Amino acid sequence: MASKRVPEIRFEGFSEDWEERKLGSLVEQVIREVPKPSEPYFRMSVRSHAKGTFRQFVDNPEKVAMDKLFVVRKNDLVINITFAWEHAIAVVPDRDDGLLVSHRFPTYRADGKSDIEFLHYMVSKEEFRQQLELISPGGAGRNRVLNKNDFLKLKVIVPNLNEEQEQIGNFFKQLDYTISLHQRNLENLKTKKKGLLQKMFPKEGEKVPELRFPGYNDNWNGTALSNIVNKYDNLRVPITAAKRIKGEVPYYGANGIQDYVSGYTHDGEYVLIAEDGANDLEDYPVHHVKGKIWVNNHAHVLQAKIDKADNKFVKNAIKNTNIRPLLVGGGRAKLNAEVMMKLEIDVPTLEEQQKIGQFFKQLDDKIALEERELKLLQETKKAFLQKMFV
C-alpha cells in the first residue's frame, strides 16, 4: 500500500493528501524590463545557501555592460541562475522593492496560484537545492547555469488548498520574526558589552576609566600580568585529534572552546588565552571557565592570585588590551608565554575589580542565555521544516 503524501505535523482541519505539481503551476515568470539608469543606482543580488537578498550600490552605470535591467517587487521569487546550484534563491523583502537586477535573475510571481510565504520556505529546504543542482549543468562555479525551462518543470509536493499553504507560510514567517528579534537582542548585548569595556577600563595614557561604580576614586595602577596571575602551562598535555572523545566537558584548543575532551582538566576558575590562530583572536582572545575544562598546548592557562586580582576582571582587562603586537611568528602567529606574562595592564583595588568582574559576568550570562535561546529557535525551525513538508 502506497504511503499517504502528508507531512508528519500539520494544522487541524486539513487531512487530504498533498499532491505533486510542477513548479510552473505555482508561479509564473514576470518581466519588468527598464533601460539601464544613467545615474547611480542600487541593484539587488541573491545570497547562496538560501540566505536571502543583499543590495549593491552602482556608482558608475557606464561600467555596467548591459543596456537593459529588470525591476523586482516585494514578494517576487528570484533566482540567480549562475549560482542556483548553490541554492541562490530568495523571496524579495520589503526593503528591496523596486531594486534592479540583470537578466541572470529571472523573477516569478505566485499571485493567485499559490502562497508566496509557503513557497519561500519550501524552496529553502535542502531537497529543493538538490533539484536545482540537477538542472544546473556544466563545470564548476559560473559555468554551471540553471536551465530556466527545467526550473518551471521541477516537481514539488504541495497542499492542494492554498489555505493550508497560507497557514504553513505564516507559521514560519512568525518563527523567523521571533528568531530575528533574538538575533537583534544578541547583537545589541554584544555591542553594549563592547562599549562598556571601553568605558569601564582606562584608555591608553589615562589612570581612571570614563565610567566606574560610585565610591571609587583612586587611580588605577599599571602592573605586569605576572604580578597578579599564576600560569599553569606546565599542566597542559598535548593530544592528537584522533584521541579526542566527545563529552560534556568542553575542550579548549587552537580553535577555541569545542565540545570535545582532550588531555587535561583542572577544577576552579581560569582565564584561558588562545595561543595559536592570530586571525581569530578577536573572537576568542580570552575565555573564562567555571568547573572543568580539557586544555591542550594551544592555550595558556592562567588563574588570578587570590589576594591580587579577580579572575573575571582579569579576563575582561585582557580582552580590552590590544595583544596583537605581542604575537610572534607567521600565518599561525603565537602569543609567547614569556612575553604575555610581561603584559602590563591597569588595575584598581581588588574590591573594585570584583565589582567590575561580577558586572561583566552578569552581562556575559545574559549573552549566553540569548545565544542558547537563539540556537534552540534555529533548531526548532529546522525540525519543523522537516516535519511540516512532505
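1. Arg 129 sits in helix H2, which covers residues 126-134, and since the model is a predicted one, its placement should be read as part of a prediction. The relative accessibility of Arg 129 is 18%, and because residues under 20% are classed as buried, Arg 129 counts as buried. When residues up to four places away in sequence are left aside, Arg 129 touches Trp 85 and His 87.

2. Helix H2 also takes part in the second largest pocket, for H2 is among the elements that each supply at least two residues of its lining, together with strand S8 (89-91), helix H1 (116-122), helix H4 (162-200) and helix H7 (350-387). Of these contributions, that of H4 is the greatest, with seven residues.

3. The space in the second largest pocket is about 1,400 Å³, and its lining consists of 37 residues, of which Ala 50, His 120, Tyr 121, Asp 176 and Lys 381 lie nearest the centre.

4. As for the chain as a whole, it contains seven helices and 22 strands, and buried residues account for 41% of its 390 residues.

How values were computed. Residues are numbered from 1 along each chain as its sequence is written. This is a predicted model: local features need pLDDT of at least 70, side-chain atom pairs count only at pLDDT 80 or more; totals for chains, interfaces and linings use all residues. Side-chain values use heavy atoms; hydrogens and water are left out. Helices (H or I, at least four residues) and strands (E, at least two) are DSSP runs, numbered from the N terminus. Buried means under 20% relative accessible area, exposed over 50%, partly exposed in between (1.4 Å probe, protein chains only). Contact means heavy atoms within 4.5 Å. On a 1 Å grid over the protein atoms alone, a cavity is a set of points where a 1.4 Å probe fits but cannot get out, and a pocket is an open set with protein on both sides within 12 Å along at least five of seven lines; lining residues have an atom within 4 Å of a point. Grid points are joined across faces, edges and corners, and a volume is the space filled by probe spheres set on the points.
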